[in-house]
Amino acid sequence: MAKYPFIKNYEELQAGLAQLDLTIPLSDDLIPAAKPLILDSGLTIPNRFVVQPMEGFDSGPNGEPTELGFRRYERFAEGGAGLIWFEATAVLPEARSNEQQFWLNEKSVNRFAALEEHTKSVARKKYGHEIVSVLQLTHSGRYSKPVRHNRKPVIAQHSAVLDAAHNIPADYPLITDSELDRLQDAYITAAKRAAKCGFDGVDIKSCHGYLLNELLGAFTREGKYGGSFGNRTRFLRETMQRVKNEVPQVFVTSRLNVYDAVKYPYGFGTDKENYQVWDLTEPRQLAAELKTIGVPLLNITVGNPYFNPHFNRPYATPVRGTEPYDENPLYGVVRFVNIVREMQQAFPDLPMFGAGTAWLRNLVPGVAAGILKNNWATLFGMGRSSFAYPDAPNDILTTNVMDIKKVCLACSGCTELMRAEEPTGCVIRDRFFYALP
Ligand SMILES: Cc1cc2nc3c(=O)[nH]c(=O)nc-3n(C[C@H](O)[C@H](O)[C@H](O)COP(=O)(O)O)c2cc1C
């Protein structure tokens, strides 16, 4: 029997939380989840469910979405979520984490426009609602692999923790300040293209160990992008301000790591003495500055899937060939939920939300309702479940229940496909399309 078996019902969940001395509010009141949210940008999100970005690694030769990508977003739109956060899309070819990662460029832009419009039209036709669309713009940094099986890391600082974990030699060069200056321009070009495609917002992705997240924790870097808080956050702040000024057709936001769980001086939002403890002082300061820039919402996240996946995506089974981290997944779920709560409560009028609850399977509805009712977050994000069970938002909103036969099993199969550089989806619930090699 698994050391930490799945929890079967809400009574067991309450007991499990009490045993760990943890809290998470539960509710069966779905009125807050069904309530539209009017953003400061003027747009309305028709309900509180968000499809979190989930890479499919199935682009065509120019980085454009293919039929499989269209199918993925069609399923998301049919599932009823009010906000669809389109997956990590590289701003440059060398910024890709996989040769088949989405890449927005002059050759692929029309196909992205068609995808955005198709996704919205599917939701319009089925629900009569207008979804809000955000495109996540990324540079994969340390995890760049622009050519199949060929890593080409781009690093902001040397890390005694992460260099060792990913075999980066001590003399490996850092990205220079002038290269970073030029990279800002690549984000602006991509944001302009995203606006042309019709996306409502762009996410200057700053999470999960990728380049912009690494910069936030680049305490040991010298020059204008490292060291002090102002320098470490400079790239993100300046790029977001430039999008705000130069691309007013879209709103600008970020999927922001507020706790890397990588030991000081190599991680953001981490207690200086103990990396297992978060310290949100700097993330709060950064959120305040992003609010001044004008973000209408923030997608809050934690951890690094290559290094400490149990922080971001508590799982039942680890990726094959890796050691499971000995932690109750319930603890991981509650940690993520509470970090989002701390951020949201510090900024009650700036909508925020998180993810990381897939391991709870069919108990997600009660947790989502409880979080929303108690203002622990303003929206509710779903990642792996969107692959396994894209209809979950509609099922929750209409029946208050998720079908146990359709739920994500947190088996790490989708992550394994990703690591194998194969098109990524659910190997259990969507197995005719996705199978492990
Ligand atoms: C296969 C896979 C692909 C993902 N792709 C992205 C991505 O493109 N951008 C991103 O910010 N997070 C990505 N994530 C992280 C998820 O959005 C989410 O944070 C994580 O799965 C935990 O939430 P969950 O428990 O709802 O699945 C991905 C996760 C998986 C497993």
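## A walk through a predicted model

Let's start in a loop: proline 265 sits in the stretch between strand β9 (255-259) and helix α10 (281-293). This is a predicted model, and in it the peptide bond from tyrosine 264 to proline 265 is cis, with omega near 5 degrees.

Asparagine 167 is in the loop between α5 (162-165) and α6, and its phi is near 55 degrees, a positive value in a residue other than glycine. Is asparagine 167 buried or exposed? Count the other C-beta atoms within 10 Å and you get 9, so asparagine 167 is exposed; the cut-off for that word is 12 or fewer. Asparagine 400 belongs to the loop between α15 (392-399) and α16. Its phi is positive too, near 70 degrees, and again this is a residue other than glycine. Asparagine 400 has 14 C-beta neighbours inside 10 Å, so it counts as partly exposed.

Now for the helices. When two of them pack, they are described by the angle between their axes and the distance between the axes. Take α3 (residues 67-78) and α4 (residues 109-127): they pack at an angle of about 30 degrees, and their axes are 8 Å apart. Angles under 35 degrees count as roughly parallel, and therefore α3 and α4 are roughly parallel to each other. Their crossing is right-handed. Which residues of the two helices meet? On the α3 side they are Gly69, Phe70, Tyr73, Glu74, Ala77 and Glu78, and on the α4 side Leu115, His118, Thr119, Val122, Ala123 and Lys126. By class, the residues of this contact are 6 nonpolar, 3 polar and 3 charged.

While we're at α4, have a look at lysine 120, which is placed in that helix. Lysine 120 has 20 other C-beta atoms within 10 Å, so it is buried. Leaving out residues up to four places away in sequence, lysine 120 touches Glu130, Ile131 and Ser133. Glycine 332, on the other hand, is 212 residues from lysine 120 in sequence and 34 Å from it in space, going C-alpha to C-alpha.

Another helix pair is α6 (residues 177-197) with α9 (residues 234-246), packed at an angle of about 35 degrees with axes 10 Å apart. This crossing is right-handed. From α6, the contact uses Leu180, Gln184, Tyr187, Ile188 and Ala191, while α9 brings Phe235, Glu238, Thr239, Arg242, Val243 and Glu246. Sort the residues of that contact by class and you find 6 nonpolar, 2 polar and 3 charged.

Over to helix α1 (residues 10-19), where you'll find glutamate 12. It has 13 C-beta neighbours inside 10 Å, so glutamate 12 counts as partly exposed. Here's a pair to find on the model: glutamate 12 and alanine 316 are 304 residues apart in sequence, and 17 Å apart in space from C-alpha to C-alpha.

Last stop, the ligand. There are 25 residues around it, and those that come nearest are Ala88, Ala355, Ala358, Gly383 and Arg384. Which elements supply at least two residues each of this shell? They are β4 (83-90), α14 (384-388) and α16 (413-419), and α16 gives the most, with 3 residues. As for class, the shell around the ligand has 9 nonpolar, 11 polar and 5 charged residues.

Methods:
Residues are numbered from 1 along each chain as its sequence is written. This is a predicted model: local features need pLDDT of at least 70, side-chain atom pairs count only at pLDDT 80 or more; totals for chains, interfaces and linings use all residues. Axes are lines fitted to C-alpha atoms, for helices over the stretch in contact, and angles run from 0 to 180 degrees between N-to-C directions. Helices (H or I, at least four residues) and strands (E, at least two) are DSSP runs, numbered from the N terminus. Angles under 35 degrees count as roughly parallel, over 145 as roughly antiparallel, 65 to 115 as roughly perpendicular and the rest as oblique. A crossing is left-handed if the near helix is turned anticlockwise from the far one by less than a right angle, and right-handed if clockwise. Two residues are in contact if their C-beta atoms, placed from the backbone, lie within 7 Å. Ala, Val, Leu, Ile, Met, Phe, Trp, Tyr, Cys and Pro count as nonpolar, Asp, Glu, Lys and Arg as charged, and the others, Gly among them, as polar. A residue is near a molecule or strand if its C-beta atom, placed from the backbone, lies within 6 Å of it.
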